[in-house]
Amino acid sequence: MPRTGAVRRAALCRVWALVVALLVIVGSVGGCPHKCSCSGSHVDCQGLGLKTVPKGIPRNAERLDLNRNNITRITKVDFSGLKNLRILHLEDNQITIVERGAFQDLRLLERL
């Protein structure tokens, strides 16, 4: 009988591990940056008083609106991995520094 309990505990541990893994995956793929709103492949972060490009932008984003914020710097990692981004709005910010390579992953970018 103790063996059955051990088997059940092991199975329960595997189920919990799977649940945690799925939550991590869903959070990293389907999440939306804090304060922003996401709808499909559109990420809207405009007019939120952001000082930096937010973390956690979904990888499937095709449009990213960051206009009317207080962003001062664009770093080389801000848009890394956003290979589907086609439209990027950065107008009405306070950008004074753009690091070399900041836009290198944006091969499909049509509008900046």
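Predicted model: local features only at pLDDT ≥ 70, side-chain atom pairs only at ≥ 80, totals over all residues.

User: What makes Cys36 and Cys45 a disulfide?

Analyst: Their sulfur atoms lie 2.0 Å apart, and a disulfide is called when two cysteine sulfur atoms are within 2.5 Å. The pair therefore meets the cut-off.

User: Why is the disulfide of Cys36 and Cys45 called right-handed?

Analyst: The torsion about its S-S bond is about 115°, so the disulfide is right-handed.

User: How many disulfides does the structure hold, and how are the bonded cysteines paired in sequence order?

Analyst: There are two disulfides, and the pairing is 1-3, 2-4. Cys32 and Cys38 form a disulfide with sulfur atoms 2.0 Å apart. The torsion about the S-S bond of Cys32 and Cys38 is about 85°, so this disulfide is right-handed.

User: Why is Cys32 called partly exposed?

Analyst: Buried means under 20% relative accessible area and exposed means over 50%, with partly exposed in between. Cys32 has 32%, so Cys32 is partly exposed. Cys38, at 33%, counts as partly exposed too.

User: What is Leu66 in contact with, leaving aside neighbours within four places in sequence?

Analyst: Its partners include Cys45, Leu50, Val53, Phe79 and Leu88, and a contact requires heavy atoms within 4.5 Å. In the largest nonpolar core, which has 18 residues, Leu64, Leu66, Phe79 and Leu88 touch the most other members.

Note on methods. Residues numbered from 1 in each chain as written. Heavy atoms only, no water. Core = buried A, V, L, I, M, F, W, Y, C linked by side-chain atoms within 4.5 Å. Buried < 20%, exposed > 50% of the residue type's maximum accessible area, 1.4 Å probe, protein only.
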